[in-house]
Amino acid sequence: MQQSDFLIRKISFALATIVAVIIFNFFLFRVLPGDPIKAIARSPRLTREAREKLRIDFGLDKPVFFDVLRLKEGDVIGAFDSQFTSYVKALLHGNLGISFRSRRAVAEVLKERVWRTVVLVAGGETLALVFGIALGLVSAWRRGTRLDMTILLWSLFSWGLPTFFLGIILLILARGYLPVGGMVVPGLRPSDGWEYWIDVGKHLILPTITMAIVYTSSYVMIMRSTAVEVLSEDYILTAKAKGLSTFRIMRDHALKNAMLPIVTMVALNLGYTVGGAIQVETVFSWPGIGQLMYKSVMLRDYPVLQGTFLLLAVSVILANLMADLLYSVMDPRVRAE
Amino acid sequence: MKEQLQEIWRTFRRKPMGMLGTFMLFSVVFIAIFAPWFAPYDPDAIIHVEPEDLLAPPDAEHLLGRDDAGKDVLSQLIYGARVSLTVGFVASFMAMFIGTTVGLVAGYYGGRIGNALMRLVDFLLVIPDLPLMLVFISIWGRGLWKIILVIGLLGWTTTARLVRSQVLSLKERQFVLRAKAIGASNFRTIMRHIFPQVLPIILAETVLSISGAIIAESSLSFLGLGDPMLVSWGMMLNFAFERAISRMAWWFLLPPGFAIVWVSVGLVLMGSTLEEIVNPRLKTHHLFDPGRMLELFKVASPGLKRPEVTE
Amino acid sequence: MATLDVRHLSVSYLTDEGVALNAAEDISFQVDQGKSLGIVGESGCGKTTVMLALLRLLPEAGRIMEGQVLLDGEDLLQCSEAEMRNLRWSKISIVFQGAMNALNPVRTIESQIVEVLRIHGVEGQSQQARVRAGELLELVGIPPERGRQYPHQYSGGMRQRAMIAMALACNPRVLIADEPTTALDVMIQAQILNLLRKLQKSLNLALIIVTHDLGVVAEICDDVLVMYSGTVVETGSSDAIFNHPRHPYTERLLQAFPDIESPNADLVSIPGNPPRLDELPPGCRFAPRCHIAEERCHIEVPKPIEIEHRHWCACHLYTGRRE
């Protein structure tokens, strides 16, 4: 077996999961009791023409999955002219529907907001990884000392702290010193150049720090236990016997082995990271995807909700796939599995 | 099995962190159960409020001040414990039950069932939790049982994996093979031989997952998806954030959050102590300070011949 | 002068409560250049502890209580840690038991050998170091191209040989092989032993083989040291130990091994177990299980006596004769 087999397996799993998510997403919004589209379509406040248009727009006149009658008649292609196929077709064209509230294309809204969340998450994760790995290594190396205990206790405490509450605390503490809401002071435009971006940066500080603190603690814990395990392996004793200094042993032998589970962990944590982003964006009114999801829940803007969920789920699946790929590059044992 | 649990308890009792966590948890549970005795006011009672009572800061009669409707914050906090704790416990027990069953079946039977179940686990693990919960509740509607179900139905995956890997390693052990050799049915083998071995680690995991469930509920409630009829800590934070943030009414904003932290940290302390007992981690590694190796060394002074045993 | 001269080495382990459990007591032996010493004993008798102590590689709880470890006259126990790091591998190296995990799984074999060549200044340039690594692999019968592979791509026997190649990289004076054949197939065992013997001769190594298998010792060791429960019970040439053992434990040990020349003889085992470290008997540690133990044996620790030239035994059977 080769590395390629491993990759093929992982890629097909990712694709299968994406397909499942698409079906699931569709199912959730169309078939469950309380089908919102139908409910809105039946709303008495709409005129008959508006209602008809809505029905056709959303393909509500067609069967959900496939038309049994047409299938019996032998009209296979026609039988699949259903809401589901319309949905998939639209997806493939990048059409995620129209927002109930703003009448704008969902895809457009998402595109506008995506980078804001990416910046926030990337910044927070990077800080969390750097500090988490460093503190975790120190903690493992000095296992049992007061430093280790302090780091451990602080991590346990952070684990019990809900992300949004940490945001609230920081918001209260930093009020007056740092901007606590929105992305930018009203009135500034990107055309204002440097001034605009600095202001965005200032608004980014608190949300990013919140994300960083929350995720640092989980990386510290993982790194700590991983590092202790790695440092107790036989090849570390061999390295000592070879006369290597502690620094060399850490750098040339321990680090690479310890990073492997971290990669897996980052991937696994991505789902939680997204959840954290939703909370942080809500608390700090950062206009990203997370806040969009929150708002669409509040406003019952189902197309937006559906589109956002799809985007988030697919992103996490793809990120997991990338982590798998990275892992296979880093661990030679996987390549020959 | 009973002896095993007693043994675990005996070891646990001697761990200060674990006992601290237990105290932290049970103090709140106690207060929640006996809420009417502890709460100075009844949060459901209709009261007459003056405008200055709204978001009033703490004073002698209202130790944590009043909320935006003039009600006593402390009483709401105490009664709120009931909701948060209930959701946390019930949802995580549900997740534990599902996870254990799936893990036992997947591990013991293996084969296609096992693989299929593990694929399902992988699938659920990859989908982000909070967005999925948000979507569910917003379509299904709000309500206590809906929240419990949503958290429980999504939280069993870690346990399933853990249980399965334990079962896999236990399956090949002597006592299982012996049981099967004498004709014990599968169910009996699982329940009498495998399950007791897996129970301790399930216990540790359950305690930790309760804290996860409480935090999940508080996040959902904070985002406005909690049961509107019941005021949990998360709901209090939702109200506080929406209505009191501009006034910086910290007495309304902070206590519910700290209550969540108190309970969670207590559970985490308990859970990680249990985990340490059940699944002891390595204590030392190779990169310690080597200076101590010679700290008991007695140097024979050079030149002094040691009493050699000679012919 | 012997290359390695160990005198009265004692090692203990500290328990969590701070009690020092004596794992090796008053260990003395010598190894000359070009000779091989086999250290034999049951599992847990302290052989590996002594070896780790020589290199000052004991685990965190280990404490060296006293003794001298003279390598070419220099006492290793008096060196600083920094000096020790220089000496490790370059003067004295060790091949650990069960090379499964003793090699870093995410680095190539070659890179792990090159590392040691460069650290100890044997080869400065990476190109030359790689060439030298290839030569070393060839020395142990591994095609040099395979140096670019990873440990998991090697068989168990190959990994052991790679470890040996790596251990010889800096031309050490002493090579210690801790259970070199355990966990290997019988056929591979023979290969490894032959390799060790060949290398010892051609490189004039002072070789120490630690094992619980008398057969291994009989194969390639010039001298033998028998350990029991942390003490030296008998030491002498291979010939002396196998043909005229003096200590009751050595006799029993030899009897316990099936002899191909008398296939129908009963297998003799020694009843009982070695004492626990926290329950060490006051006198001779073997006394509780010894079939000829006298009262004196339970009270007084027997000191090693030289009963013939270079054949020592620690047993009251012989202390009596001194009087």
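My entries on the three chains follow.

**Entry one: the sheet in chain C.** I kept in mind from the start that this is a predicted model. I looked for strands in chain C and found four of them in an open sheet, in the order 2-1-4-5, with antiparallel pairing. Strand 2 (20–31) and strand 5 (74–75) of chain C are at the edges with a single partner strand each, so one side of each has no neighbour in the sheet. Next I followed strand 1 (residues 4–14) of chain C, which pairs with strand 4 (residues 62–71) of chain C over eight bridges. Along the way I noted that Leu4(C) is opposite Leu71(C).

**Entry two: a helix over the sheet.** What lies across strand 1, strand 2 and strand 4 of chain C? I found helix 1 (residues 47–54) of chain C there, running at about 110° to strand 1 of chain C.

I checked helix 4 (residues 73–109) and helix 11 (residues 233–244) of chain B, whose axes come within 7 Å and cross at roughly 130°. Helix 4 and helix 11 of chain B are therefore oblique to each other. Gln76(B), Gly80(B) and Ser84(B) in helix 4 of chain B meet Trp233(B), Gly234(B) and Met236(B) in helix 11 of chain B. I sorted the residues of this contact into two nonpolar, four polar and no charged.

Conventions
Residues numbered from 1 in each chain as written. Chains lettered and ligands numbered in written order. Predicted model: local features only at pLDDT ≥ 70, side-chain atom pairs only at ≥ 80, totals over all residues. Pairing = 2+ DSSP bridges. Helix = DSSP H or I, 4+ residues; strand = E, 2+ residues; numbered from the N terminus. Contact = placed C-beta atoms within 7 Å. Axes fitted to C-alpha atoms, helices over the stretch in contact; angles between N-to-C directions. Parallel < 35°, antiparallel > 145°, perpendicular 65-115°, else oblique. Nonpolar A, V, L, I, M, F, W, Y, C, P; charged D, E, K, R; others polar.
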